[in-house]
12 protein chains.
Amino acid sequence: MPNPQLPITNDSILVLHGPNLNLLGAREPHIYGSTTLDDIDQALKEEGAKLNIEVRTLQSNHEGVLIDALHEARSWAKGVIINPGGFTHTSVALRDAVSGIGIPVIECHLSNTDAREEFRRHSYLAPVCKGVIKGFGWRSYLLALQAMSYLMTNAE
Amino acid sequence: MPNPQLPITNDSILVLHGPNLNLLGAREPHIYGSTTLDDIDQALKEEGAKLNIEVRTLQSNHEGVLIDALHEARSWAKGVIINPGGFTHTSVALRDAVSGIGIPVIECHLSNTDAREEFRRHSYLAPVCKGVIKGFGWRSYLLALQAMSYLMTNAE
Amino acid sequence: MPNPQLPITNDSILVLHGPNLNLLGAREPHIYGSTTLDDIDQALKEEGAKLNIEVRTLQSNHEGVLIDALHEARSWAKGVIINPGGFTHTSVALRDAVSGIGIPVIECHLSNTDAREEFRRHSYLAPVCKGVIKGFGWRSYLLALQAMSYLMTNAE
Amino acid sequence: MPNPQLPITNDSILVLHGPNLNLLGAREPHIYGSTTLDDIDQALKEEGAKLNIEVRTLQSNHEGVLIDALHEARSWAKGVIINPGGFTHTSVALRDAVSGIGIPVIECHLSNTDAREEFRRHSYLAPVCKGVIKGFGWRSYLLALQAMSYLMTNAE
Amino acid sequence: MPNPQLPITNDSILVLHGPNLNLLGAREPHIYGSTTLDDIDQALKEEGAKLNIEVRTLQSNHEGVLIDALHEARSWAKGVIINPGGFTHTSVALRDAVSGIGIPVIECHLSNTDAREEFRRHSYLAPVCKGVIKGFGWRSYLLALQAMSYLMTNAE
Amino acid sequence: MPNPQLPITNDSILVLHGPNLNLLGAREPHIYGSTTLDDIDQALKEEGAKLNIEVRTLQSNHEGVLIDALHEARSWAKGVIINPGGFTHTSVALRDAVSGIGIPVIECHLSNTDAREEFRRHSYLAPVCKGVIKGFGWRSYLLALQAMSYLMTNAE
Amino acid sequence: MPNPQLPITNDSILVLHGPNLNLLGAREPHIYGSTTLDDIDQALKEEGAKLNIEVRTLQSNHEGVLIDALHEARSWAKGVIINPGGFTHTSVALRDAVSGIGIPVIECHLSNTDAREEFRRHSYLAPVCKGVIKGFGWRSYLLALQAMSYLMTNAE
Amino acid sequence: MPNPQLPITNDSILVLHGPNLNLLGAREPHIYGSTTLDDIDQALKEEGAKLNIEVRTLQSNHEGVLIDALHEARSWAKGVIINPGGFTHTSVALRDAVSGIGIPVIECHLSNTDAREEFRRHSYLAPVCKGVIKGFGWRSYLLALQAMSYLMTNAE
Amino acid sequence: MPNPQLPITNDSILVLHGPNLNLLGAREPHIYGSTTLDDIDQALKEEGAKLNIEVRTLQSNHEGVLIDALHEARSWAKGVIINPGGFTHTSVALRDAVSGIGIPVIECHLSNTDAREEFRRHSYLAPVCKGVIKGFGWRSYLLALQAMSYLMTNAE
Amino acid sequence: MPNPQLPITNDSILVLHGPNLNLLGAREPHIYGSTTLDDIDQALKEEGAKLNIEVRTLQSNHEGVLIDALHEARSWAKGVIINPGGFTHTSVALRDAVSGIGIPVIECHLSNTDAREEFRRHSYLAPVCKGVIKGFGWRSYLLALQAMSYLMTNAE
Amino acid sequence: MPNPQLPITNDSILVLHGPNLNLLGAREPHIYGSTTLDDIDQALKEEGAKLNIEVRTLQSNHEGVLIDALHEARSWAKGVIINPGGFTHTSVALRDAVSGIGIPVIECHLSNTDAREEFRRHSYLAPVCKGVIKGFGWRSYLLALQAMSYLMTNAE
Amino acid sequence: MPNPQLPITNDSILVLHGPNLNLLGAREPHIYGSTTLDDIDQALKEEGAKLNIEVRTLQSNHEGVLIDALHEARSWAKGVIINPGGFTHTSVALRDAVSGIGIPVIECHLSNTDAREEFRRHSYLAPVCKGVIKGFGWRSYLLALQAMSYLMTNAE
């Protein structure tokens, strides 16, 4: 979990990676590519630096850990980017956490979930998120970071 | 988790709070009010004392922790009151735990789930619980405690 | 129907029993127990007296009579407890009456309807009621009375 | 409603005609024929006499009246034949009355409901009735009477 | 129920108001406005006079009373305007009455039922009515009266 | 298959028993009783004799044999009573045979199929049969024979 | 498309006829009658004149043309009457146009769509229209014009 | 339609705006904001210039025009960004055009369609698009442009 | 659109190609093959000549243009062959045009739509067409032409 | 079953007629016409001779016989035309036979199944057939024969 | 069918192969492998010998033959292993046979039916079988034989 | 979690027990029997020894722990046997883990899930497992071990 002892600026955000995303680079590369999660986290931190946003990241296969992290983020983060993985389609608890923390959340996915199994078409989280970005591989995260930057800097 | 070292009377019950209930008082107050979970636990213990029932409480955002607690309660509790939060609508595992422990369980909710999103109308747990109480804010717990007292003291 | 000639205090409520509840004590006792409706009404009046609430009761197998009684209650009752029986799952007219009278209504059931046939899982009335209590036999009514007392005496 | 003052033998049954059946002979004769309800009642009484069964009949367009009559039949009837008309497809309250009175009930219809609109294919009452006879015009009642005679006189 | 002793002209029609419409002017005015049912009946009689149509009206919360009134109308009315209220979505018995009486029936509603809850989108009566008018507040009735006048005076 | 060499009167009917009915008396007696198929056939022939109807019977577990028999019956039978067993819910081919042969067919069942599994509620054959009788054990056949007698002897 | 060069009064409305309505008088006269679209337009203009409403009309089989016309009407019309024809059941784009233009729209149909194929029971447009009138042949338009007059002249 | 006479570079893309988007800035601003379509097109062209991408734009309320434009884009564009508006949920023809042209297409929306009506949750186009971006107001387009830049410049 | 100035014989038919069929030969050749639409039109005209049928053809991506063409064909064509493309599954307007023009229409498809996505299994047009031919590539058209020849020359 | 002793050429095909097709000419002639199955078989053989295709035919009301014939055809037939009758909508076993034999199969129907009962819209066989032809009476077979000839003689 | 003349030991079982399994080794080898049914039967008999179980086998494409064999097995077999092939998903008659014979039945499949078409996910037989084994190619049978051995030799 | 320090052979497999399986022997013995999980693990290790397979086991009520264990197994196990308990029907995350680890997984259950509640009929994991074994009590695991041995030792 992100270390709360670090000095916190006003521009920190949390990036949450859901279940199985730790397998990235190894798991079903024909769908997800060979980039690893560390590569993504590194790219996000670098891109965040350019946008003046501190990016903290967390991956967990545990729904409860993701919920805890969302709750904790209330005290230090200005926004959250979440790739809920398989929880996207099944977790009302995660949805309630997103709608309960009162900061903007963006849902993103590596693959275009609409082009896969029927059950991946429905997201419990999307209706309580600001927006959704999916289908651009690891660059979905970069786009979500850019989107978060928009949300944090200007109104309409 | 409730400390099992405490001397256990015959009248102990477990009150389980599911995911996001730790946010109570802060999260969506127009739906849930401003009472905190500590307030509720305190009120339950006091009301329990009047009814001669020791009340132990546990909140967790982790489905597994809730299941573990239900299992452990078999050895010391006479009944369980559970507000399963978002797990109400999605967790067969929790349902199986409820039906498997062989002690009466009451489902309760702060809000009237029937008056919210369509997916909140279905509960996996309710069919294996003794009864359901919902819609009375934190007093749903008090009513559940009273109901448990009925279940523990007289038959029909 | 409750006699409107009686002097009316500020703390009167109406308890409505829907179709077939007059059979209580005789009908399917393995589900509903052997307590009669008169027993329940008596218990409610006594418990009401303790809570300073005058309890008037009415049973009918006629949907229209129940609707009429709900309408009439607008002029004298501070709340309504209703066990709609089989109408729970089929009556939009009763739902409209509940939502139209502008006083708090609580739905209650003797049995845990979620543990019975699939069609008993849906209630047309619940979404326009304050809350729902079910599964505690005739004590569901006592709990509903206690819940009404909460609703009548304090805000949150 | 059948007059309870008449001396009651052990072989009385109640025949209930649901909503709109009073129109028989006038309403949609291409579906229901030109026989009137009085003709049917007369035929049933005559046929009943042959079978040593006293037949009492009641028609009502009021669901509550039908439920009341079912309840009352508990004290004097050995069985009930019911043509629930449109209530077949919509009334849980009537179903509960049938399952609650503890005497055998047979559902019958003039028309073959399976050959009409889709919504007429489902009956709330049939699962709690002994059996169903439909599609033989007013003779469906005669067959139901014969069936009731079987139920009353021999076991298997 | 309309008094059948009155001399009956050839141009009489029946206007039936279903359940809860007696609350008009009081119930949920943001949906239904503040006009009372008496206001509407008065307006209909006046408008009817201009169109040379005698308008008789009846309101009931009892499905059976509405069915009885439809049956009775066969002997004196040239048409029926019905606002079935909550019965619209649940009553096959009322549908059968409409299709059985052999005179033209128009369904009308104060609110635009298609813009409300999902279950209000389906009408059991509409398929056996001549037409439907909804969404124009109490003027829906005036338009239905005008429509009935068309039906009564010219063919196509 | 019924022997076509026998002299054929004008009053012959075919009784078809579908799959697994040969097990009668042995199979699941708590549902179907202990009467055997031979007992039933014998009873039908005797009862037929009283009604001046020659009854020929056939049982098969082969859908094709049942269809062939229906086709053949066109040349000699005035009606058919069929208990389609499990084919009731799955066979469009049998339905087409029933609707194609141009003589009246009655569907009957030993058990009340509406009171069993959900999939037994739908019959492909019922909509093209004259009527349906079910739930009276082997006497369902007797009632069907009586019903067929009505169909063969008088119009309405 | 209505010529925008004409002097525009404050009381102009647009009447839009959707796909296939140009066939009126020829197409399926047993459903729609023999009146032509020109007849209807003429009648509307005349009736409009009586009500002090200028009526402009447009028919198109092109969804895009109907949307364009709705957009353009924002600059000159006080209301729109639309018979969306087959687009009623399939066009979200037309629905969005109706909800986007900010002037009252009434949906009307010649036939009673609820009495036809199942798919004609659902309207994408109705929920964003003021009201719906259907089943009165070409007079549905006249009634819609009268309804529009109500909407334009008085509030409740 | 984009003028094909302009000299075409290798880095041109087409941005398609579907039905009602011409109303932007005026239509339902609480959902879509006050930015106009011209503002968006200008911003896209400017941002495109930075990314070395020539951006051509087209808005139409006509499904056929959008399909034609997609076809034509095959000869000059390296990619397409499409906001299909209401066609998203209803147009198989547009889907077939997207899948038939053999160049990458990105679906984008101003609003978060998952947070609106149920029918807006399903997209016919998304499964044949590269990815989807929605919920960020007019900046959804900017993000889509950035995403297209990724698709055009690097593989994984 | 077919030029109406040409001298018209009694044996002309219209062949309508729906959206995206202009891409034939280029679009997804593994499904549709490499034959172009011009090839097909040429083959149809030649084959038509042998059958003494003048074949006129039209392709459009605009639903409205297809509807207009169907309407116009009433004045000169003896039949229509239509490949509605993606409109097959979504267009009630096109269905109404087919059922409204009063000349025989045959639906045909290059691919076997039943072997593709689930949503391609339902056709709005098929129920109002004479017949359907699909799955034989461009030869589906030839077969439809042969079928039309049958329809035009002999009754049964 | 086709006699396998006959000398087999390279151009033989099997035509399978499913259940109830032996009734052709007698059964529901308003749907199927008065041509008999022998007429059709004769016409197919003659037409086949012109196309240099030996046509063998088989009708059975037994699903198993049809499956056996499909299996056997693997050794001598170059293709199969099948009218599966009622099995179309219910037989996975027949589907598996079609997909398992490795030679092209064409599904054909006399009537336009899409224009009949809802359950006739789904075919289990169509997705594993080459194509489908329906609605042209007995000439559907002729067209299927022509289609088979295309399949046997040229690739695309 | 297994020859009943053979001396029967106490440990005989029946292995039933449903439709199309005779094609094994030839049909769709990418799904089912190249082992033939004879290979499987041989392996089962050998393995059975080791387990002291006589294995008799039967394959048929006729549902009725499979039902007959199940019935006959009551007199000599201690258990049945059945691979119902396509009948798995469609045959209530086979289900009734399984539940009616009163000896343990195991369902097995070569392929993992859950990984194929949606309709293969539902089995009518599984709920009345002891257990299910699928996905292990022809070794599914061996495992089923082992499972049967467990069922025959020990209780829990 | 299995201790990774142990020397690892090439033939190790992981057996995962999902939620509530720790209650085995105590929980609902009429469904699951009285064998404990330790008994099962012991039996598996012994049987594994015979098959030259090292069996490591893990039980957890935490979905995340199960996912972690699946991930870890990639480095040392040749296969996985999983009884997902209640997660079977609800966990896409677990499914993704199974499909992501690239080693064969077998799903097994003590009870025959098809014979229980409707919601237990669907498994999210089964489609990505090699096969499924269920209904044989604790011996389901033994059979799965035997199946795994097949998968590990021979191809087809």
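1. Helices H3(C) and H4(C) are roughly parallel to each other in this predicted model, because angles under 35 degrees count as roughly parallel and their axes cross at roughly 5°. The axes come within 9 Å, with H3 of chain C covering residues 63-73 and H4 of chain C covering residues 92-100.

2. On the H3(C) side the contact is made by Glu63(C), Leu66(C), Ile67(C), Leu70(C) and His71(C). H4(C) contributes Ala93(C), Leu94(C), Ala97(C) and Val98(C). By class, the residues of this contact divide into 7 nonpolar, 1 polar and 1 charged.

3. The surfaces they use are different: 6% of the contact residues of chain D recur in chain E.

4. Chain A contains 5 helices and 5 strands. Read from the N terminus, their order is β-α-α-β-α-β-α-β-β-α.

5. Of the 156 residues in chain A, 63% are buried. The chain exposes about 5300 Å², and carbon and sulfur atoms supply 48% of that area.

6. As for sequence separation in chain A, take the contacts between residues at least 6 apart in sequence: 79% of them join residues at least 24 apart.

How values were computed
Residues are numbered from 1 along each chain as its sequence is written. Chains are lettered from A and ligands numbered from 1 in the order in which they are written. This is a predicted model: local features need pLDDT of at least 70, side-chain atom pairs count only at pLDDT 80 or more; totals for chains, interfaces and linings use all residues. Side-chain values use heavy atoms; hydrogens and water are left out. Helices (H or I, at least four residues) and strands (E, at least two) are DSSP runs, numbered from the N terminus. Buried means under 20% relative accessible area, exposed over 50%, partly exposed in between (1.4 Å probe, protein chains only). Contact means heavy atoms within 4.5 Å. Accessible areas come from the Shrake-Rupley method with a 1.4 Å probe; for residues, only the protein chains shown count as cover. Axes are lines fitted to C-alpha atoms, for helices over the stretch in contact, and angles run from 0 to 180 degrees between N-to-C directions. Angles under 35 degrees count as roughly parallel, over 145 as roughly antiparallel, 65 to 115 as roughly perpendicular and the rest as oblique. Ala, Val, Leu, Ile, Met, Phe, Trp, Tyr, Cys and Pro count as nonpolar, Asp, Glu, Lys and Arg as charged, and the others, Gly among them, as polar.
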